[in-house]
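Please keep the sequence and the model in view while reading.

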Amino acid sequence: MMKGTRKGNLITGRYMITLTCITIAGCFLPLVLSSYMLRVMNIALISYMCVLSVYVLLGMCGQNSFAQAGFWGVGAYITANCLLKLNLGPIVSMIIAIAGTALFAFVLGFAFFRLKQYYFTFATIGLMTIFNGLFMNWKEVTGGALGISGIPPFAIFSFEFSNETSKFFLIIFCAFVVTFLMKILFNSSLGRQFMAIRDNELAAGCMGINPLLTKSKAFAIGGALCGLGGALYAYLSGYLSFQVFTYNQSTMYLIMIMLGGTINPIGALIGTMIISLLQEFVRPLQNYMQLIYGVGIMLLMIVQPEGILGGIKALYGKYNERKTLRRSEA
Amino acid sequence: MENTMKERHLDVLKLEHVSKNFGGVVAADDICIEINPGEIFGLIGPNGAGKTTILNIIMGIYDADKGNIYLGGTDITKLPTYKRARMGIARTFQHPRLLTRCDILTNIQMGIDLTKRTQKQNVDESELRELLEAANLQDVDLSLSVGQLSYGQQKLLEIVRAVLSHPYIMLVDEPAAGLNHREMDYIVALFNIAVKKGIAVLLIEHAMDLVMGICDRITVLNFGKQIMTGTPDEVQNNDEVIAAYLGGSANAED
Ligand SMILES: Nc1ncnc2c1ncn2[C@@H]1O[C@H](COP(=O)(O)OP(=O)(O)OP(=O)(O)O)[C@@H](O)[C@H]1O
Ligand SMILES: [Mg+2]
């Protein structure tokens, strides 16, 4: 056996153990949190799914998008329309939201990824603006400025996820599944194609990878994640307003992942939780929030450009190095 | 597929009157090359002669202004890079272009992925082991990041990856540049394995002892022009070549 070829079993591996531990610990949160804080947690976990879309796009595939909050909105509005206008069931509506947003993102990706790197990024800023304009003005579908209200909670058969705690378990379950799928993606040939494009698009082409198609697939997976987040948000809040799905929110997702680190989903989780809780605790300092973010981001880029997780990894590397050094001295 | 190509005695790769201009600079001028299966074919010439440009044209990174390119008899002149790669052209770069943020195993896996995709077959571990041994990488921990390899090891890894993708032809751009003599031997060992598998190699190289030692035939370029094509002996004894290349900048480089 060659050194390092054994990739570790998916189910018994370190990733799965960490993920399970975090999830189990999370399941105790309803016991200690007030219903208000549980709502904050629910919103944070939904943000986490959107931040995972940034993880796939930016962390794995090296493409930066400012439109993810728009796809989040698309998922939410699809869900609301399926439920209220088409009278479909909650599970079907959620599946349509995920698939629909993914398909939509794939088609847009196919058009937008003809632009390379920062030209693409700029185009997504325009896309986000269009999304928000549509959400605000397309009354038939989004309810315009009034929004959509009266969205029923998620339900399986006759069980309704109507109180905050049951909603929390629904959302944390989805977060668990999605995070698990991220690992499968990472180890798959598609994941490697994403990373090849991130590290060198020209060389990726020389290894038989179609850059346009592959990047569109990453965009579609990001769309699916945002679609799921949107559906959950619709069920959680029961009311949709265009003021939620904004450019600022997209930027927030990027800040969250930059803070946590792009190397794996745990980074996305750390970043999302820190920012979400920070937003709550410094609410009295609301007026200074922008300043705190601004200075914080600059400091982060100077001190730890790889994010918190990158910092931990570097420390761990140094620790290991020292250990081997000591061993070789002994 | 490999066998049918040999049976029909087709050339793996054929360039027909290929030309390329870069705003006045003639980087390739009416190039005609035919490469046979399992052949190591050298492409030499002074700096700026147009060697890398020809590789880029074969790979579809640049479009040729004129001329056609055939792979196993199929015209690939208009195909995008990724399709050419899937049809069986692999290449390495003058400066290695690996997945820099991934571990070594992931990089190796990229080559195997391509084989799985195009030939619907897996690469067995003994084949990987043989290649890693030839490249003297067998003791390296494959879970290390690529950045922890030396420059030479990265170049060797790139060739290993290319062979693992089971192409018809490998385009190898200056593999020996920046390598020590031991590492050059590893390159030769890797080429020998490739040739045994029936893979042709198009080799660009400035190290003359290496080129003259392993190439079956060589094309000499100067200012984008094809001065001659022949065996190493013929090339070394050609007056025009000596004047244009071996007597010129090559001495300064070696
Ligand atoms: N993308 C490009 N745009 C403009 N000119 C180019 C481009 N690529 C190559 N050239 C020019 O084409 C000529 C051939 O360059 P090329 O890189 O093919 O040479 P080479 O034979 O590989 O040289 P070296 O031995 O230094 O690698 C040079 O004059 C170079 O400046
Ligand atoms: Mg060159």
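Helix H5 of chain A, residues 90-112, has 23 residues and reaches 32 Å from its first C-alpha to its last, close to the 33 Å expected at 1.5 Å a residue. The expected span is 1.5 Å times one less than the number of residues in the helix, and helices (H or I, at least four residues) and strands (E, at least two) are DSSP runs numbered from the N terminus. This is a predicted model, in which local features need pLDDT of at least 70 and side-chain atom pairs count only at pLDDT 80 or more, while totals for chains, interfaces and linings use all residues. Residues are numbered from 1 along each chain as its sequence is written, chains are lettered from A and ligands numbered from 1 in the order in which they are written, and side-chain values use heavy atoms, with hydrogens and water left out.

The buried residues of H5(A) are Ser93(A), Met94(A), Ala97(A), Thr101(A), Ala102(A), Ala105(A), Leu108(A), Gly109(A) and Phe112(A). Here buried means under 20% relative accessible area, exposed over 50%, and partly exposed in between, with a 1.4 Å probe and protein chains only. An α-helix has 3.6 residues a turn, so residues three or four places apart point the same way. The cover over the buried residues of H5(A) includes helix H4 (68-84), H6, helix H8 (164-187) and helix H11 (211-237) of chain A.

One of these covering elements, helix H6 (residues 117-137), holds Phe120(A). Phe120(A) has a relative accessible area of 0% and is therefore buried. Leaving aside neighbours within four places in sequence, Phe120(A) is in contact (heavy atoms within 4.5 Å) with Gln63(A), Asn64(A), Ser65(A), Phe112(A), Phe113(A), Leu115(A) and Phe219(A). Phe112(A), in this list, is also among the buried residues of H5(A). Phe66(A) lies 54 residues from Phe120(A) in sequence, and their C-alpha atoms are 9.8 Å apart.

Helix H6 of chain A also contains Gln117(A). Most residues other than glycine have a negative phi. Gln117(A), however, has a positive phi, near 45°. With a relative accessibility of 40%, Gln117(A) counts as partly exposed.

Further along chain A, helix H12 (residues 247-260) has 14 residues and reaches 20 Å from its first C-alpha to its last, close to the 20 Å expected at 1.5 Å a residue. H12(A) is mostly covered, with 10 of its 14 residues buried. The buried set includes Met252(A), Tyr253(A), Leu254(A), Ile255(A), Met256(A) and Ile257(A). Gly261(A) follows H12(A) and has a positive phi, near 115°.

Chain A as a whole has 15 helices and 4 strands. For its 330 residues, a compact globule would have a radius of gyration near 20 Å, and the 20 Å of chain A agrees; this radius is taken over C-alpha atoms, and the globule rule is 2.2 Å times the number of residues to the power 0.38. Along the principal axes, the C-alpha trace of chain A spans about 70 × 50 × 45 Å. Buried residues make up 52% of the chain. Of the contacts in chain A between residues at least 6 apart in sequence, 79% join residues at least 24 apart.

What does chain B contain in the way of helices and strands? Chain B has 11 helices and 10 strands. Its radius of gyration is 18 Å, close to the 18 Å that the globule rule gives for 254 residues, so chain B is as compact as a globular protein of that length. Of these 254 residues, 56% count as buried. The C-alpha atoms of chain B fill a box of roughly 50 × 40 × 35 Å along the principal axes.

Within chain B, helix H7 (residues 181-196) contains Ile187(B), which counts as buried at 1% relative accessibility. Apart from residues up to four places away in sequence, Ile187(B) touches Leu156(B), Ile159(B), Pro175(B), Ala176(B) and Leu179(B). Gly24(B) is 163 residues from Ile187(B) along the chain, and their C-alpha atoms are separated by 36 Å.

Asn136(B) lies in the loop between helix H5 (125-134) and helix H6 (151-164) of chain B. Although Asn136(B) is not a glycine, its phi is positive, about 55°. At 32% relative accessibility, Asn136(B) counts as partly exposed.
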